[in-house]
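Subject: Structure for you to look at

Hello,

I am handing over the structure below, followed by notes on what was found in it. Please read the notes with the model open.

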Amino acid sequence: MIRSGIEASQARGGCSLSYDAVVSDIVDPVLEAYATEHTTAPPGYLEALAHDVRAELESPGMMVGRLEGRFLEMLVFALGAHRVLEVGTFGGYSALAMAAGLPPGGTITTCELSPEHAAFARRHIAASPHADRIEVIEGPALHTIASLEGPFDFVFLDADKAAYLEYLEAILPKLATRGLIAADNTLWYGRLLDPTDNTPDTEGLRRFNDALCSDPRVVVVQTTVRDGVTLIRRADTEDSPGFHPA
Ligand SMILES: C[S@@+](CC[C@H](N)C(=O)[O-])C[C@H]1O[C@@H](n2cnc3c(N)ncnc32)[C@H](O)[C@@H]1O
C-alpha cells in the first residue's frame, strides 16, 4: 500500500523529493508529489537551510518546504507586499521564501519563541541574499505583535495553533486595507474531522475555522494547499459598500 507522497512518487519512479510531500496526505500523495516536482526548485541557500533543519532541528516537517514556500512567495509578489509579518520562524524557510517575492525596500518581521530556532534562522538568513530584509524578533509572538506598528500587507500565521483566534484579533487591526493573512495548517492533517481528537491545537483550529467563515469583518477562502492554508482579507476594503476608514 502506498502510504506517503514520497513512497507514492518513488513507486512511479520519478521522485527526488525528501520531506515535502510526506507532511500532508490531505491531497492525494501522488498529486502532491507531482505538484511539488512541478514547482520551481528552491535556490541553493534554501536547499542548504532545509538540509540543516533536517539534520539539526526536531520536527523538520514544520518547515513549509518547496511547494508552500513558492506559494507564499507568489502571494507576496502578487500583492506587491512591502511589509510582511510572520508568526513562527522555525528555521527561517518561509521567511526566506517570502523574501524572494518582496519588492525593493520590502521587509519581513518574523516572530519566534524558541532561542534555538531564532539563532538557527538568523544564521541562515545572514548567509542568504536577503539578510537586510528580515528581522527575527525573539519572544512570545502575541507580545511582539502588540509592540509593532501596522499596517502589514501580508501576514503568515504559522505557530501556536491553539491560539489562532487570538492572533486574528491581534493582527486584524494591523492589516492593511488590501492586505492578506495566510494561516497555515488549518486542515490539521484532517484531524479536525476526528470527533475523538480534543487536543488544544485541534480544538483551537476548529474554533478558528468556524469563527472565520461567519465573521462579517473578513472574507475567507480555505485552500487545500499542503496541510490547508486559509487566506483572509478584510471585508471593509475602500471599494466595499459602507466602508468607513478608521
Ligand atoms: C510550524 S513552525 C514554523 C515553521 C516556519 N514558518 C517554516 O516554514 O519553517 C512554528 C514555530 O513557532 C514557534 N512558536 C511556537 N509558539 C510560539 C509563540 N507563542 N510565539 C512565537 N513563536 C512560537 C515554534 O518554536 C516554531 O519554531
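The buried residues of helix H4 are Gly65, Arg66, Leu67, Glu68, Gly69, Leu72, Glu73 and Val76. A residue is called buried if 20 or more other C-beta atoms lie within 10 Å of its own, exposed if 12 or fewer, and partly exposed in between, with C-beta atoms placed from the backbone. This is a predicted model, in which local features need pLDDT of at least 70 and side-chain atom pairs count only at pLDDT 80 or more, while totals for chains, interfaces and linings use all residues. Residues are numbered from 1 along each chain as its sequence is written.

Helices (H or I, at least four residues) and strands (E, at least two) are DSSP runs, numbered from the N terminus. H4 has 15 residues and spans 21 Å from its first C-alpha to its last, close to the expected 21 Å at 1.5 Å a residue; the expected span is 1.5 Å times one less than the number of residues. The buried residues of H4 pack against helix H2 (29–37), E1, H5, E4, E5 and E7, where a contact means that two C-beta atoms, placed from the backbone, lie within 7 Å. Just after H4, Gly80 has a positive phi of about 65°.

Next, the sheet. It is open, with 7 strands in the order E3-E2-E1-E4-E5-E7-E6 and mixed pairing; two strands pair if DSSP finds at least two bridges between them. Strand E3 (134–138) and strand E6 (218–223) are at the edges with a single partner strand each, so one side of each has no neighbour in the sheet. On average, neighbouring strands are turned by 15° against each other, direction ignored. H4 (residues 65–79) packs on this sheet, touching E1, E4, strand E5 (175–184) and strand E7 (229–234), and its direction makes about 165° with that of E4. Axes here are lines fitted to C-alpha atoms, for helices over the stretch in contact, and angles run from 0 to 180 degrees between N-to-C directions.

Strand E4 (residues 152–157) pairs in the parallel sense with strand E1 (residues 83–87) over 4 bridges. Across this pair, Glu86 stands opposite Phe156, and Val87 has Leu157 as its bridge partner. E4 also runs parallel to E5, joined by 5 bridges. There, Phe152 is opposite Leu175 and Leu157 is opposite Ala183. Both strands are mostly covered: 6 of the 6 residues of E4 are buried, as are 7 of the 10 in E5.

Glu138 is partly exposed, with 16 other C-beta atoms within 10 Å. Leaving aside neighbours within four places in sequence, Glu138 contacts Glu112, Pro115 and Ala118. The C-alpha atoms of Glu138 and Ala118 are 6.6 Å apart, although 20 residues separate the two along the chain.

Then the ligand. It is surrounded by 19 residues, of which the closest are Gly88, Phe90, Ser94, Ala141 and Ala159; a residue counts as near if its C-beta atom, placed from the backbone, lies within 6 Å. Helix H5 (93–99) and strand E2 (107–112) each supply at least two residues of this shell.

For the protein overall, there are 9 helices and 7 strands, and 43% of the 246 residues count as buried.

Regards
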